[in-house]
Structures are given as structure tokens and as C-alpha cells.
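Open the model in your viewer and keep the selection tool at hand. Each stop tells you what to pick and what to look for.

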Amino acid sequence: MKNLLFLCILLNTLSSFSQNFEITGTLKDKDNNLIESATVYLESIQDSTMITYTISDKKGNFNLSGNTKAKKANFFVSYSGMMPLKKELTLAEKITKLGDLVLEENAQLLGEVVVIAERAPITIKKDTLEFNASSFKTGADANVETLLKKLPGVVVDKDGGIKVNGMTVNIILLICKEFFGSDLTVATKNLPKEIIDKIQVVDTKTKDEAFTGEEGDKENKTINITIKKDMNKGFFGRATAGYGTDDRYSVSGILNYFNEEERLSVLGGSNNVNTSGFNSDEVKDIGGGSNNWRRVNGVWQQSNPLFNNTTDGITQTTSAGIHYANEWNKKTDLGTDYIYNRSDTETGSNSRTERFLPNNDSYTSISDSKSNGGSFGHNFNLEFEIKPDTLTRISIEPSFTKSKGNLYSNKSETQNSRLNGLVSNSFVNKDSKFDNYSTKLDASISRKFKVPGESISLWLNSGYNMNTSEEKFKSTIDFADITQTDENVNQQQTSEQTGGFLNASLRYTRLLKGNWFYNLRLRTDINNSEINRNTLDFDNLTQQYSFVNTSLTNEIKTNTTILAPSAGIRFKKDKLSIRFSTGYNFTTLKNEDLLANTTVLNKFNSMNFMVSLWKEMGQGKSIWARISNRARTPQISQLQPIVDNSNPLNTIVGNPNLKASNVTQVSLSHRNFNMKTKSGYNVYVSTSFTENASVSKTITDFVTGKSVTTYENVNGSYWAYMSGGYNKKYKKDKHNFSYNLDLGMNLSKNKSFTNELELTTKSLDLTPRVSFTYNYNDLIEVTPRYNYNHNSLDYSMDLGQKTNYSSSTLGISLETYWPKMIEFENDFSMNHNPNVAPGFSKTTYMWNASLGMKMIKDKGILKLKVFDLLNQNTSVRRSAYQDYISDTESLVLKQYFMLSFTYKVNKIGGKKKPNY
């Protein structure tokens with residue numbers, strides 16, 4: 001770190017020979033009207049490199065300041081509908097006052113055709129923030145992610161997550177269409193910067209909101225990437241193949257074909273190094289893992305593993321996908337994608353869990369678990385959008401998902417009592433197979449009327465799913481107390497879960513008066529599901545599973561019906577938006593036990609409301625507030641009286657008498673980004689209070705250590721969250737600096753039951769983070785970072801455990817691209833967790849590195865990658881919740897060396913269709 005500090009001081013000293021400047025003025029039109037949100041920027045005369053820029057405020061004033069070695073520079077002003085203004089300025093004076101500058105109307109403005117200066121780095125168009133890609137210099141092989149890191153107010157984290165002035169980017173579009181679904185990194189890591197024209201940032205909207213002109217989500221952003229007109233024909237892509245020690249391998253490829261509105265992308269890959277295979281070949285993407293199974297109501301299901309990377313386990317993945325989009329004509333758009341995935345995963349963990357009891361005793365469980373399994377899945381999505389006329393939009397979106405696989409796991413566990421010593425030893429083996437599929441159809445029709453603001457929309461969503469599984473379950477519990485009878489279970493359980501749903505919503509919106517709008521909505525949801533579970537005990541005489549276990553065999557049918565009328569009012573004027581809506585939910589939930597011939601009928605009727613306000617308080621400055629109240633029905637698994645004995649030491653059964661929870665939430669956010677200083681901050685606060693919260697209720701046998709868990713309603717729970725962030729970018733000619741400060745705080749009060757006694761737990765989590773990046777002319781980039789996490793727990797009764805613990809991570813990334821043909825990347829991190837139990841590593845180190853050499857006219861790169869250079873990779877974590885604290889160490893990928901070769905193809909910009 002001392003060397004890093006010295007380097008930064010040295011570079012800062014070298015750049016100090018440049019001079020500071022400040023340019024001020026006021027923008028007006030010929031009628032003396034002040035011009036707000038015009039782009040003012042300065043470029044180098046020598047190579048047209050952008051030096052700095054700003055945006056005029058509501059009084060037309062601008063202040064352009066920076067630092068450069070250049071003696072002269074070109075000064076530009078750009079504003080939609082006005083002729084661009086250009087001046088050559090001498091920067092000898094520290095302060096240059098230009099006074100009033102008058103912009104002339106653009107005589108070439110015809111209809112909706114707007115002519116503006118080509119190189120304006122940033123443009124504000126109503127609710128759209130637009131960046132000109134060519135104004136932000138990057139290296140020759142940069143992708144969209146590299147470009148985004150250059151943009152003011154944009155922060156890209158280590159995992160590829162994107163925020164714009166603190167607001168999360170949850171959708172990325174390519175020419176207004178999705179690119180391989182919801183994973184942002186497929187677009188950001190694979191689209192080259194050289195083909196990008198504009199990066200547009202807007203509020204996230206549903207397609208219906210975009211069509212009818214309604215407001216979107218002010219707290220989430222969508223990025224739309226546009227392509228240069230001369231680059232929208234041709235194809236580009238890359239292919240990578242690598243092999244390493246311990247038979248580690250990785251192959252992947254992606255090919256994109258563009259022909260104006262027609263786009264085709266094909267990708268595929270296979271590896272056993274825990275990566276998705278579709279990210280760019282960077283050292284930061286090495287490693288990870290994937291756990292693709294989850295159990296829902298006793299049925300094993302596969303999550304979508306295509307782009308999921310985690311840190312635990314070792315996974316071999318083979319995936320392939322194809323995406324096609326085309327605008328057949330001005331009335332019809334088509335989008336479709338198909339994804340195939342196959343994965344084989346091995347996991348393992350050692351854990352120590354201490355569960356505290358109100359009799360001043362505690363049970364400590366030390367367990368060792370392993371699992372391995374394989375799965376494959378198919379995902380298909382199709383989207384038609386039809387606009388028969390300018391006032392009507394029809395959308396039809398069918399989808400299909402199919403997955404199949406198997407999972408074998410075993411677990412051994414020793415349980416000790418603080419007061420009585422050894423309680424039991426247990427062993428569990430599971431051999432599971434699952435086969436699942438689901439279909440879904442989303443359809444909508446929206447119609448605008450000639451009266452501004454009047455529209456009507458109908459949405460229909462329907463689907464069907466079938467999930468089947470077969471599991472052989474063996475468990476043994478050996479009790480230390482000789483008066484207790486040991487337990488042995490050997491069962492075969494087959495489950496079939498089927499379900500269908502139909503959701504319909506009709507909404508009408510109309511202008512009330514002036515800037516006031518009202519809407520009426522009627523929503524109905526119908527959900528049916530049936531779970532058939534057949535459990536057979538093993539017959540030692542016949543050596544077959546032949547005895548029906550009636551307590552674990554059931555046939556449950558569930559029907560949920562919701563009828564929800566609502567009404568709302570919206571006010572929208574200039575930079576102020578106010579919304580209010582209220583409604584009433586009539587919910588009926590019917591549970592039928594077909595074997596026991598019993599029926600439980602639950603009715604949850606509740607009122608809900610929402611009030612929100614958004615106000616723009618100045619350029620880049622806004623405030624948003626919201627208060628809402630809504631009911632939450634309990635989960636099906638919490639209501640159904642089905643016994644789950646998958647953990648022989650803790651049996652779970654639902655409670656059909658649960659009430660609906662009532663949640664009141666208040667949220668507030670404030671954002672501010674200063675174009676002059678290229679810095680911004682954001683603050684977000686949210687708190688919720690819950691009545692009739694559904695919580696777990698556990699009763700433990702003090703002799704055997706066995707528990708039975710069900711659910712109960714409680715009052716008095718609350719949750720509060722606060723986050724804040726500050727980011728700044730600073731440029732001195734070829735020297736680029738940026739730093740990010742973030743703070744998260746989570747405060748909660750939860751209730752649970754331990755042996756009929758109500759336990760209140762208050763928790764406080766603090767997570768400050770800081771990172772700094774220095775980049776010199778895209779030749780070297782260094783990013784030190786530090787994360788700290790502190791957890792504090794306070795219990796309503798003395799359970800005798802430690803209530804405070806913390807962990808921290810110190811890391812640094814270093815990337816160099818000099819000499820020109822050499823790429824050298826490093827990522828080092830040190831994790832310190834001082835409070836974990838004895839026997840677990842308190843400090844772990846991770847160092848990944850790669851050395852690459854470009855060849856074949858920069859189309860190819862030969863790279864040597866090293867994962868876990870120090871051979872110390874471990875995964876240790878501590879978690880605490882209500883009445884337990886647990887430490888876990890998991891199986892992770894270990895050190896390997898890999899030599900890989902990547903080849904890039906790029907045939908774009910021609911007038912003819914490429915042949916390939």
C-alpha cells in the first residue's frame with residue numbers, strides 16, 4: 001500500500017505542470033430567454049480529445065473548469081433545436097468570462113428532425129440522459145462496461161452491477177430491445193465500444209407505460225445502447241479456448257450479426273472453472289461456482305444457472321444460447337431467445353451452529369455435508385409486439401422452461417448440549433431425481449385515445465407447471481442417553497406438484513383536469529395447485545419400499561382467488577409528480593386435504609394504499625418519497641399442514657390458521673449530481689412495520705435435542721434500511737481519477753418462539769465500503785478497495801452468546817496495457833473474520849493474475865491465467881439469526897494455471913450483408 005501511495009503522489013506531481021482554468025458565461029436565445037440544460041464542453045485542438053464539460057443551470061449559467069497542459073482549446077455549446085456554437089479560446093488566464101452567449105435557432109429543424117453538434121459529450125432530453133460514446137476515450141479493445149466506467153455518475157462494481165447516481169440499472173436494452181434477457185453483463189462485457197453511438201439512461205418503464213406515456217420507476221434505471229449507423233451491418237464476435245493444470249478447461253464463443261433492425265446472436269461455452277463462459281476473458285471473471293437446486297414444498301427444482309456465479313462448490317457447465325430480434329415492418333416486432341444449460345456440481349461444507357435455549361442451555365451442532373449432482377435445462381422465450389395503428393399496441397409473449405436432474409447428498413452431524421454434553425450423532429443420505437417444466441403466456445393490449453392522457457389496457461397472464469421428484473431418504477439418530485430409542489428412517493418419497501394460474505388486469509386512465517389524471521383498475525388472480533406426496537417405508541424382509549407412511553403421505557389441493565379493485569390519482573407538471581392510489585383486496589385461500597377429507601378456508605380481506613412524490617429540485621438534483629400499506633398472505637408452505645422431515649433433527653409443519661400480515665412502509669431518497677465537479681451523492685432511507693408477521697415457532701426436546709417448527713403470527717416487528725453513497729470522477733489530461741464511498745445500515749426487530757417463550761431480537765448491520773481508481777491513458781489502472789461489515793445482536797433474554805462480530809475485506813486490482821501488445825491483470829483480496837469459531841480460518845487470501853500478449857494484428861490474444869496464485873482459497877462465513885450463530889467453511893475451487901487463446905472477428909460497417 002505504501003508503494004501504491006507513492007505511485008499516486010508521483011503521478012499527481014507529474015501532472016501538476018498542467019494549468020487550472022475556469023470559463024463562465026450565460027446562455028440565452030434571441031428573445032433573451034435563458035437556456036437550461038445546454039451542453040458546454042472543451043476539446044483539444046490537436047486531437048479533438050474532450051478536456052471537460054458541464055451543463056447550464058436553470059438561469060442559463062455555466063461554469064467550465066478543469067486542468068490541462070493545452071494553451072488553446074475549442075469551446076462548444078450544443079442545445080437541441082439551436083445552432084451549435086464554437087469558439088477557439090486561449091487558456092492563459094485562470095478565469096475566462098464569456099458573458100452572455102446567444103444561440104441561434106437551427107434553420108434546418110424540420111418537423112421532428114433535430115440537428116445538434118455531433119460531439120456533444122452529454123445531452124439532456126426531457127427525461128433522458130444521453131452520453132455520446134465517441135466523446136469518452138477508451139482503449140482499442142474496450143467493451144460497453146469499460147465505456148460505462150468513464151461516464152460521470154456511473155459506477156460499475158466488481159460483479160458487473162451498474163448504478164447511475166446511486167440508482168440501480170436493472171435493464172439494458174440494445175436498440176430498445178432486450179439482449180439475452182435480464183443478465184446485464186452479457187451486453188456490457190461482449191459488445192465492443194467501437195460500434196456504440198449513444199448510451200441513453202431513462203427511468204425504468206414497462207412496455208405499456210412507455211407506450212401510453214406514463215411515468216416509470218424513478219428509483220431504477222434502464223440503459224439503452226444505440227449503434228452507429230455505419231456499424232449496424234455486419235458481424236462481430238470472439239472465441240476463447242483454454243486448458244490448464246488439474247484438467248481445468250474453458251471454451252466459449254459469441255457471434256453477433258446485425259443488419260439494421262435484424263439482429264442475431266449465438267453464444268456457447270463449456271468449462272469446469274465455475275464461470276458462465278460468456279464474460280470477456282478477464283482475470284476478474286475467473287472462479288465462482290453455481291448451486292442449481294432448491295427445494296420447494298418438498299419438490300426439488302432447478303434454478304436458472306446460465307449466468308449465476310457464486311463462490312462455493314465446483315461446477316462444470318455447458319451452455320448455449322441463441323437470440324434473434326427483427327422489426328419486420330413498422331407495425332410488427334419479433335424477439336426470441338433459446339438457452340440450453342447443463343451443469344454438474346460438487347459441494348461440501350463443514351459448519352458449527354450454536355442454537356440457544358431459554359433454560360440457559362445451548363445445543364452446538366458440528367456437521368459435515370457433501371453433495372454432487374447434474375442437471376440440464378431448456379429455456380425458450382418468444383415476444384411479438386404488434387402496432388396495427390399509432391394508438392394501439394398488442395403484445396404476445398409465450399415462454400417454456402424444462403429442467404431435469406439428480407442430486408446426491410449426505411450429512412453427518414454431532415449435537416452437544418452445553419449442560420449435558422453429547423446428545424446425539426446423526427447421519428442423513430438423500431438420493432433425488434427431479435423433472436420439471438412450465439409454460440407461460442403473457443398477453444396485453446393497450447389503446448390510447450385521441451384525448452391526451454386517456455388510455456385503456458388489458459393484461460392477461462396464464463401458465464401451467466408440473467414438478468416431479470423421487471427421493472430416497474435414509475437417516476439415523478444415535479442418542480447418547482441410553483434411555484432414548486435410536487431412530488432409523490429409510491423411506492422413498494415421490495412428489496408431484498402441478499399448478500396453473502390466470503391473472504387478469506383491466507386499467508383505464510383519463511385526464512381529470514389540468515395536470516390531474518385518474519385511473520381505475522380491476523385485478524383478479526386465480527391460482528390452483530396440487531401436491532401429491534407418496535411416502536413408503538423400507539421393508540427389511542422384502543428389501544423393498546412397500547409400507548405406506550400415512551403421516552407423510554398426503555394429497556393437498558390449494559386454490560387462491562384474489563379480487564382487487566383500486567383507483568388512483570396522478571398529478572404531473574414540469575418537474576413535480578404526485579401519485580395516490582387505494583384499493584381493497586378480497587383474498588380467499590382454500591386448502592383441501594383429499595386423503596384426510598378435510599378443508600381449511602382462509603379469507604384475507606384488506607385495504608391498501610400508496611402515496612408517492614417526486615420532485616426535481618435542480619439540475620441533477622431530486623427527491624422521492626413514498627408511503628404504502630399492503631397485506632401479505634402467508635406462503636403456501638407456511639399454511640399447509642404438511643410434515644417435512646428432510647432434517648431429522650428439525651421437523652417442519654405448516655399452520656393453516658395463520659393470518660395475513662399488514663405491512664406499512666415509508667421510503668425516502670435524495671439524489672444530487674453536480675456537472676461542474678463531476679461528483680454526486682445519494683441517500684436512501686426505508687422503514688417498514690409489520691402486524692401479524694408470520695414467524696417460526698420451534699419447540700426443542702431438551703433430552704433428545706430434536707425440534708418441531710411451525711409458524712405463528714406476532715406483532716411489533718420492524719425493519720429499517722439506510723444507504724448513502726458519494727462518487728466523483730476527476731480528469732487531468734491523460735490522468736483519470738475516481739472514487740466511491742458507500743455506507744449501508746440495516747436495523748431490524750424480529751420475533752420468534754423458543755419452547756413457547758417469545759424471543760425478541762434486535763439487529764444492527766453496518767457495511768461501509770470505499771474504492772479508488774486511477775487510470776493513466778488506459779495504459780495502467782489501479783483500484784484499491786476496502787469493505788467492512790459489523791453485526792450487532794441484542795436479545796430480549798440472556799442466552800449467553802456473543803452478540804457482536806465483524807469482518808473486513810481489503811483488495812486491490814492492477815491492470816496494465818503497456819507495452820502495447822502486453823496485458824497484465826491482477827486482483828488480490830484479503831478477508832479477515834476474527835469472530836469465527838476455533839478451527840475455522842480467520843484470515844484468507846486470494847490472488848488471481850493473468851498475462852496476455854496480443855497478436856495477429858490485435859485480433860488474437862494468448863493469455864496465461866493463474867487462479868489462487870497463493871493456493872490459499874477458502875470460503876468461511878458467519879451468519880446469525882434470532883436464536884443461533886453459525887460458522888461455515890465450504891468446498892471451493894483451488895489453484896490452477898491455464899493457457900488460453902482468444903480470437904476476435906469484426907466485419908461491420910459494410911453495405912452488403914456478410915456471408916458466414
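The tour of this predicted model goes from a nonpolar core to a surface patch and then to charged pairs.

**Stop 1: the core.** Select L148, I162, I196, I199, I223 and I225. The largest nonpolar core has 44 residues, and these six touch the most other members. Now centre on I225. Beyond its neighbours within four places in sequence, I225 is in contact with V144, I172, L173, L174, I175, L191, I196, K198 and I199. Another core lies apart from the one you are viewing; it has 19 residues, including A38, I51, A73 and L85. In soluble globular proteins, nonpolar side chains tend to be buried together.

**Stop 2: a glutamate in a loop.** Pick E214. The loop that holds E214 runs between α4 (207–212) and β15 (217–227). Is E214 buried or exposed? Its relative accessible area is 6%, under the 20% cut-off, so E214 counts as buried. Show side chains next: those of E214 and R507 are joined by a polar contact of 2.9 Å. Setting aside neighbours within four places in sequence, the contacts of E214 are K205, E209, R507, T509 and R570.

**Stop 3: the surface patch.** Select I445, F449, I456, L458, L460, L502, L506 and I526. They form a nonpolar patch on the surface, with about 590 Å² of accessible area together. β26 (455–479) and β27 (487–513) are the elements that give two or more residues to the patch. The largest share, 3 residues, comes from β26. Zoom in on L460, in strand β26. L460 is partly exposed, at 39% relative accessible area.

**Stop 4: salt bridges.** How many salt bridges does a search of the whole structure find? The search finds 33.

- Select E145 and K189. Their closest N and O atoms are 3.2 Å apart. E145 is in helix α2 and K189 in the loop between α3 and β14, so the pair ties together parts 44 residues apart in sequence. Both residues are buried.
- Select D435 and K402. This salt bridge spans 2.6 Å, N to O. D435 lies in strand β25 and K402 in strand β24, so parts 33 residues apart in sequence are tied together. D435 is partly exposed at 23%, and K402 is partly exposed at 22%.
- Select K863 and E825. Here the N to O distance is 3.5 Å. K863 is buried at 3% relative accessibility, and E825 is buried at 3%.

How values were computed. Residues are numbered from 1 along each chain as its sequence is written. This is a predicted model: local features need pLDDT of at least 70, side-chain atom pairs count only at pLDDT 80 or more; totals for chains, interfaces and linings use all residues. Side-chain values use heavy atoms; hydrogens and water are left out. A nonpolar core is a set of buried Ala, Val, Leu, Ile, Met, Phe, Trp, Tyr and Cys residues joined through side-chain atoms within 4.5 Å. Buried means under 20% relative accessible area, exposed over 50%, partly exposed in between (1.4 Å probe, protein chains only). Contact means heavy atoms within 4.5 Å. Helices (H or I, at least four residues) and strands (E, at least two) are DSSP runs, numbered from the N terminus. A polar contact is a pair of N or O atoms within 3.5 Å; within protein, one must be able to donate a hydrogen and the other to accept it, and residues adjacent in sequence count only if both atoms are side-chain atoms. Patches are made of residues with over 30% relative accessible area and no salt bridge: like charges are joined within 9 Å, nonpolar side chains (Val, Leu, Ile, Met, Phe, Trp, Tyr) within 5 Å. Accessible areas come from the Shrake-Rupley method with a 1.4 Å probe; for residues, only the protein chains shown count as cover. A salt bridge is a side-chain nitrogen of Lys or Arg within 4 Å of a carboxyl oxygen of Asp or Glu.
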